[in-house]
Amino acid sequence: MKQILFSFLLVGFLFQCSSSPKRLDNADDYISDSGGLTSQELVKAADKLAGQIGEYFKENPHEEGVFVAHFPTRNDTSEQIQTELFDNAFVSKLIKSKIYTVRTKTREQSLNEIQFSLSGLTSNRLSIGKLKSPNFFVRCEINENMFTSDGEKIVEQSINIELVEVETTIAVWSEKVSYRKLAVRGNKGVSW
């Protein structure tokens, strides 16, 4: 009787283990069923583009320093893409290259905190003269193009980025990273 009970428990345990999620290696490069960009592709593109901006500023140094306002990436594709993942990886790589991002959207909050510290109600006084303005804007968008090649439907998604000098509004640098994939057949994702 104990052996039968033990056998049922063992079989139940094996079925439970076989249906549980399995950890996959993060180093493997996967392609999503939908044809959308994967997190690995986004991080890889962010690393490449931020590295190229770092090289641009090494070749074109600025005495006053480089302060960049990076606007949230715009997704112009039919897919739900984690643009925040790209943005975070991009800013992280810029910081490693000693290129600092100015958070223009939090400027009002910073001014309120500085004003509060100057009221004398805090032990430390903040200086309003230390706020930074960006001398460059970085704008990024992700778009897609679908086309046919040798009878195969192809989805091409491109991450386009440009660096614009604030004072002149001139785009001083621009680049793109593209990924091409076969369109998924059926109704699992991108199709025609």
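Modeller: What follows is a quick tour of this predicted model.

Colleague: Start simple. How many helices and strands are there in the protein?

Modeller: The protein has four helices and six strands. From the N terminus on, the order is α-α-β-β-α-β-α-β-β-β.

Colleague: And what share of the residues is buried?

Modeller: Of the 192 residues, 29% are buried. The accessible surface comes to about 13,300 Å². Carbon and sulfur atoms hold 53% of that surface.

Colleague: What about contacts along the chain? How much comes from residues 24 or more positions apart?

Modeller: Such pairs make up 66% of the contacts with a separation of 6 or more.

Colleague: OK, the inside. Which residues touch the most other members of the largest nonpolar core?

Modeller: That core has 26 residues. Leu-49, Ile-53, Phe-57, Phe-86, Phe-90, Ile-159 and Ile-161 touch the most other members. At least two core residues come from each of helix 2 (39–59), helix 3 (83–96), strand 4 (136–149), strand 5 (152–165) and strand 6 (171–182).

Colleague: Which element gives the largest share of this core?

Modeller: Helix 2, with eight residues. In general, nonpolar side chains in soluble globular proteins tend to be buried together.

Colleague: Tell me about helix 2, then. How far does helix 2 reach from its first C-alpha to its last?

Modeller: Helix 2 spans 30 Å with its 21 residues. That is close to the 30 Å expected at 1.5 Å a residue. Its buried residues include Leu-42, Ala-45, Ala-46, Leu-49 and Phe-57. Glu-41 is also among them.

Colleague: What do the buried residues of helix 2 pack against?

Modeller: Helix 3, strand 4, strand 5 and strand 6.

Colleague: How many salt bridges does the count come to?

Modeller: Six. In another of these, Glu-141 meets Arg-74 at 2.4 Å, N to O. Glu-141 lies in strand 4 and Arg-74 in strand 2 (residues 74–76), so the pair ties together parts 67 residues apart in sequence.

Colleague: How accessible are Glu-141 and Arg-74?

Modeller: Glu-141 is partly exposed, at 23% relative accessibility. Arg-74 is partly exposed too, at 47%. Arg-74, Asp-76 and Glu-141 are linked in a network of salt bridges.

Colleague: And which residue does Glu-156 form a salt bridge with?

Modeller: Arg-180, with the closest N and O atoms 2.8 Å apart. Glu-156 is in strand 5 and Arg-180 in strand 6, so this pair joins parts 24 residues apart in sequence. Glu-156 is buried, at 13% relative accessible area. Arg-180 counts as exposed, at 57%.

Colleague: Now the outside. Which residues form a nonpolar patch on the surface?

Modeller: Leu-111, Ile-128 and Leu-131, with about 250 Å² of accessible area together. Leu-111 sits in helix 4 (residues 107–118).

Notes. Residues are numbered from 1 along each chain as its sequence is written. This is a predicted model: local features need pLDDT of at least 70, side-chain atom pairs count only at pLDDT 80 or more; totals for chains, interfaces and linings use all residues. Side-chain values use heavy atoms; hydrogens and water are left out. Patches are made of residues with over 30% relative accessible area and no salt bridge: like charges are joined within 9 Å, nonpolar side chains (Val, Leu, Ile, Met, Phe, Trp, Tyr) within 5 Å. Accessible areas come from the Shrake-Rupley method with a 1.4 Å probe; for residues, only the protein chains shown count as cover. A salt bridge is a side-chain nitrogen of Lys or Arg within 4 Å of a carboxyl oxygen of Asp or Glu. Buried means under 20% relative accessible area, exposed over 50%, partly exposed in between (1.4 Å probe, protein chains only). Contact means heavy atoms within 4.5 Å. A nonpolar core is a set of buried Ala, Val, Leu, Ile, Met, Phe, Trp, Tyr and Cys residues joined through side-chain atoms within 4.5 Å. The expected span of a helix is 1.5 Å times one less than its number of residues.
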